[in-house]
Amino acid sequence: MGDLVTAFAPGRVNLIGEHTDYNEGLALPFAITEGVTVVAEATGDRRVRVHAVDLGAHDDFDLDRIERAPGWRAFARGAAAELTATGARLVGARLRITGTVPRGSGLSSSAALEVALCLALLALAHEDPPPDIELARLCSRVENEWVGAQTGLLDQVASLCGEPERALRVDFRSLEVSPVPLELGDWSLVTLDSGESHANAGDAENGYNRRRAECREACEALGVDSLRDVTPEMAAGLPWPLRGRAEHVISDNERVEQTIGALAERDLRAVGELLNASHASLRDCFEISTDAVEAAVERLRDAGASGARLVGGGFGGHVLGLFPPDARPPEDALEVEPGPGAHLR
Ligand code: GLA
């Protein structure tokens, strides 16, 4: 048997600051304890054989001639190709992938998979991983150029930099990551499945990629490089839907700072109100909610959540709820807690 390494990378929940990452804005994610595990064994040849256990599916490719493949196969191929392009001297491997993050849930199963694959492939080759932000960028190239989703850096940064009991204030302009204590006491954060699977990948017409293009269009119309430079007065002059897109980003950036302030004062009711305001903005200005998402948010609020909102790319997936000690989340909700970032086991 050859060398054997095990890498784990977590999914994430974004407390607040949605669709701000690719607009050089602010977000407040945390890594969750659910994630993806990749066990890698050296085979002594130049092939990579991948077994996606949960899918019951296999892939097999040559490290010296990596061809593209659709769907889940794009991840290992993209990770190997992008690592090789940075000069890493990878070795042939047998990879076994298992996961506890529901796929298509908006909890970042994709980023967890990219990060775990990269850590495992590098460790097997006895190569040191690059600094977190560089590795996050590399993983996002896998997602953008191999998987076909024009996503930002939020998920990869959260998966790599996560810390127990902390959320992360991420400034996507400076790429500064600052841990923020997430002290919930008897309160709890839960996610609830809307029952609608979402996908950020696919053709340019999918909702996520279209929103990203609209944000770019808003910048072009205003002659700025990013929505971080746009004031409410500037946004007010844009035609719909660009105005709504810009207004959402501006206001969610502010809500990130307000949430950090409320957490510092242990005012969790105020955090709940900010989650509700973020959801309203995502629904009405960014227009990425659906009937199923609304129903899931309502279920959380009916159960006593003091705040609830959609998380991640939108158009389905899980929703997030903040519950006070005296309220009981629905039975099928999943309690989420900040856990450690990606690591070798
Ligand atoms: C998805 C993307 C992230 C981010 C969020 C929305 O999770 O992968 O880059 O844009 O949507 O905040």
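Q: How many helices and strands does the protein have?
A: Welcome! This is a predicted model. The protein in it has nine helices and 13 strands.

Q: What does the radius of gyration say about the overall form?
A: The general idea is to set the value beside what a compact globule of that length would have. With 345 residues, such a globule would come out near 20 Å, and the protein has 20 Å, which agrees. Along the principal axes, the C-alpha atoms fill a box of roughly 60 × 50 × 35 Å.

Q: What percentage of the residues count as buried?
A: A residue is called buried when its relative accessible area is under 20%. Here 57% of the 345 residues pass that test. As for the surface, the protein exposes about 13900 Å², and carbon and sulfur atoms supply 47% of it.

Q: How do I read contacts between residues 24 or more positions apart?
A: Start from the contacts with a separation of 6 or more, then ask what share belongs to residues 24 or more positions apart; in this protein that share is 71%.

Q: How many salt bridges does the structure hold, and what should I look for in one?
A: There are 23 salt bridges in the structure. Asp59 belongs to strand β5 (residues 57-62) and Arg77 to helix α1 (residues 73-85), so their bridge ties together parts 18 residues apart in sequence. Both Asp59 and Arg77 are buried.

Q: Are Glu67 and Arg65 buried or exposed?
A: Glu67 counts as partly exposed, at 47% relative accessibility, while Arg65 is exposed, at 57%. These two form a salt bridge in which the closest N and O atoms are 3.7 Å apart.

Q: Where is Glu287, and which residues is Glu287 in contact with?
A: Glu287 sits in the loop between α8 (268-284) and α9 (291-302). Beyond its neighbours within four places in sequence, its contacts include Trp240, Pro241, Leu282 and Phe315. The side chain of Glu287 also meets that of Arg245 in a salt bridge, at 2.9 Å, N to O. Arg245 lies in helix α7 (residues 242-264), so this pair ties together parts 42 residues apart in sequence. Arg245 is buried, with a relative accessible area of 3%, whereas Glu287 is partly exposed at 33%. Salt bridges with shared partners join Arg211, Glu214, Arg245 and Glu287 into one network.

Terms used
Residues numbered from 1 in each chain as written. Predicted model: local features only at pLDDT ≥ 70, side-chain atom pairs only at ≥ 80, totals over all residues. Heavy atoms only, no water. Helix = DSSP H or I, 4+ residues; strand = E, 2+ residues; numbered from the N terminus. Rg over C-alpha atoms; globule rule 2.2 N^0.38 Å. Buried < 20%, exposed > 50% of the residue type's maximum accessible area, 1.4 Å probe, protein only. Contact = heavy atoms within 4.5 Å. Areas by Shrake-Rupley, 256 points an atom, 1.4 Å probe, with all protein chains shown as cover. Salt bridge = Lys/Arg side-chain N within 4 Å of Asp/Glu carboxyl O.
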